[in-house]
Amino acid sequence: MHGSLEIILPCLDEAEALPAALAGLPDGWPVLVVDNGSTDATGDVARACGARVVVEPHRGYGAAVHAGLLAARADVVAVLDGDGSLDAGALPAMADAVLSGRADLAVGRRVPDSASVWPWHARAGNAAIAAVLRHRGVPVHDIAPVRVAHRQSLLDLQVMDRAFGYPLEMLLRAGAAGWRIAEMPVPYRARAGGRSKVSGSVRGSLRAARDMAGLLR
């Protein structure tokens, strides 16, 4: 399975977290780190840990993910953050759902190991948006913090958002296209190092909510 699947980690200033995050990935799976204009040694650390690195200087989560999809070499890709907060042990089951043909898209549903790792403002916003998605026929309870799908199929969705709204737009487009979506629990813990750009602050959560709000109109 290793040759047909590649892990994409969009990263912005994750030099501190990357060693632990990379060490927690499944053995033998190729890893592509997208350095999203970091000001620290993210790229150097990733290379030293054995990951392939591409640079996307245009800041934005969606920009980094899109660059990763363009640069990936495998038929199936897994996308998750490079901060080590999501347990990559969930990836084999998610990948199997896609590779076996049971699902077009496998997504994670965060299961926090403590209340502190997922602040109330981030959790409340996520729950509200997920409820809207379910009302629109997209069967999820989280906004795809980790996802596995065929690389070309993701590109064919033509997701346009290049900021924090990327995962939401992807789910909306996948739902509209009739994709079979499998949601699986993923243990969620404190990041391995560094500072969160989104859920770690009210300001970050508000920025993400702003990016997503326009997509739900």
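Let me start at a glycine: glycine 101 follows helix H4, and its phi is positive, near 90°. Helices here are DSSP runs of H or I with at least four residues, strands are runs of E with at least two, and both are numbered from the N terminus.

Before going on, the basis. This is a predicted model, in which local features need pLDDT of at least 70 and side-chain atom pairs count only at pLDDT 80 or more, while totals for chains, interfaces and linings use all residues. Residues are numbered from 1 along each chain as its sequence is written, and side-chain values use heavy atoms, with hydrogens and water left out.

The overall count for the protein chain is eight helices and seven strands. Of its 217 residues, 53% are buried. Buried means under 20% relative accessible area, exposed means over 50%, and partly exposed is in between, with a 1.4 Å probe and protein chains only. A contact means heavy atoms within 4.5 Å. Taking contacts between residues at least 6 apart in sequence, 74% join residues at least 24 apart.

Now the sheet. The seven strands form an open sheet with mixed pairing, in the order E3-E2-E1-E4-E6-E5-E7. Its edge strands are E3, residues 52-55, and E7, each of which pairs on one side only. Two strands count as paired if DSSP finds at least two bridges between them. Direction ignored, neighbouring strands of this sheet are turned by 25° against each other on average.

Going through some of the pairs: E1 and E4 run parallel and are joined by four bridges, with isoleucine 8 opposite valine 79 in E4. On to E4 and E6, which run antiparallel, also with four bridges. There, valine 79 stands opposite arginine 147, and alanine 78 opposite valine 148. E5 and E6 are antiparallel over three bridges, and leucine 105 stands opposite alanine 149 in E6. E5 and E7 run parallel, joined by eight bridges; alanine 106 is opposite alanine 182 in E7.

How do the residues of E4 point? Val76 and Ala78 point one way and Val77 and Val79 the other, and all are buried. In a regular strand the side chains alternate between the two faces of the sheet.

Back to H4, residues 91-99. Which of its residues are buried? Leu91, Met94, Ala95, Ala97 and Val98. Seen down the axis of H4, these fall within an arc of 155°, so they line one face of the helix. The arc is that of the directions from the helix axis to the C-beta atoms. What covers them includes strands E1 (5-11), E4 (76-79), E5 (105-112), E6 (147-150) and E7 (181-188).

One more helix on these strands: H7, residues 166-176, lies across E5, E6 and E7 and runs at about 135° to E5. For that angle, axes are lines fitted to C-alpha atoms, for helices over the stretch in contact, and angles run from 0 to 180 degrees between N-to-C directions.

Next, the aromatics. The structure holds one aromatic pair. The ring centres of tryptophan 118 and tyrosine 188 are 5.7 Å apart and the planes are at 80°, so the pair is edge-to-face. The criterion is centres within 6.5 Å for rings of Phe, Tyr and Trp (its six-membered ring), with planes under 30 degrees apart counted as stacked, over 60 as edge-to-face and the rest as tilted. Tryptophan 118 is in the loop between E5 and helix H5 (120-135) and tyrosine 188 is in E7, so the pair ties together parts that are 70 residues apart in sequence. Both tryptophan 118 and tyrosine 188 are buried.

Last, aspartate 75, in the loop between helix H3 (61-71) and E4. Is aspartate 75 buried or exposed? Aspartate 75 is exposed, at 56% relative accessible area. Leaving out residues up to four places away in sequence, aspartate 75 touches Ser4, Ala149, His150 and Arg151.
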